[in-house]
Amino acid sequence: MSLRIAFCASSAPTAQAALAALSRRYGDHAEDGADVIVALGGDGFMLATLHRTQDNPAPVYGMNRGTVGFLMNGYSEHDLPARLEAAEEAVINPLAMRAARLDGSVHEALAINEVSLLRAGPQASRLKIHVDGKVRMAELVCDGALVATPAGSTAYNYSAHGPILPIGSDVLALTAMSAFRPRRWRGALLPKTARVTFEVLEPEKRPVMAEADARAVRDVVSVDIRSEPSIAHRVMFDPGHGLEERLIREQFV
């Protein structure tokens, strides 16, 4: 029985051209009845596709028609069914963010890569960090801080000098950005079950915004972050180029 493939693509001309070529060659099924969803674009489009299809049991296989493509496979129009049959699968649980704002509203979002807090004004932010209800840092003065999943540890987290986490490690990275006080604090490794709460000190004088995979909430006063095990994103990679291998390889470049 042949695989039922559903294609989706970003708005980039290269992705749209690939969508047309692959659809002609292999057909294009509706996502609801597909065995696999093939996403054509870059990492941003891959994240958007995973969020959009989180209730669909079909795995997602990305082919790079963007720039970095860390979550993507190489692009080729040839032998796609064979590549899909041979692909390795990684399961990713997202982070759940609950952000409370100055105006009293509460906003919730999911993040596959990371939840980050960023200063939104000229002054550094002041954050108090709670882990599982216990104050672990009474004051962190910084440009921002983030909590990253293993899948997202090579993204913003790595650029902020956070650690790369093996995909099966059941660990989260808490990383500071440009920490001023304590100046040498680089962050912490936390169990996947940990619940992290950032309390914003002086939120009116030192405004802070929160982002969950680029979905932004401004003027936050507190942000609660935890892993969401009830949601499992299935991501497929070519043999020898899986997420585990990429995370290891990234540490030796």
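A: Asp-79 is found in the loop between β3 (60-64) and α3 (80-86); strands (E, at least two residues) and helices (H or I, at least four) are DSSP runs numbered from the N terminus. The model is predicted, and local features need pLDDT of at least 70, side-chain atom pairs count only at pLDDT 80 or more, and totals for chains, interfaces and linings use all residues. Residues are numbered from 1 along each chain as its sequence is written, and side-chain values use heavy atoms, with hydrogens and water left out.

The phi of Asp-79 is near 55 degrees, a positive value in a residue other than glycine. Asp-79 counts as exposed because its relative accessibility is 55%; exposed means over 50% relative accessible area, buried under 20%, and partly exposed in between, with a 1.4 Å probe and protein chains only.

Ala-214 also has a positive phi, near 75 degrees, and is likewise not a glycine. Ala-214 sits in the loop between β14 (208-212) and β15 (215-217), and its relative accessibility of 64% makes it exposed. Another loop, between β11 (171-177) and β12 (187-191), holds Pro-182. The peptide bond from Arg-181 to Pro-182 is cis, with omega near -10 degrees.

Turning to the strands, β5 (residues 95-101) is largely enclosed by the rest of the structure, because 5 of its 7 residues are buried. Strand β5 pairs with β6 (residues 106-111) in the antiparallel sense over 6 bridges; two strands pair if DSSP finds at least two bridges between them. Within this pairing, Ala-96 stands opposite Leu-110 of β6. The hairpin of β5 and β6 has 4 residues between the strands, and Gly-104 takes a positive phi near 90 degrees there. Strand β5 also pairs with β16 (residues 220-227), in the antiparallel sense over 7 bridges. Here Leu-95 has Ser-227 as its bridge partner.

Leaving aside neighbours within four places in sequence, the contacts of Val-223 include Met-97, Val-115 and Phe-198, contact meaning heavy atoms within 4.5 Å.
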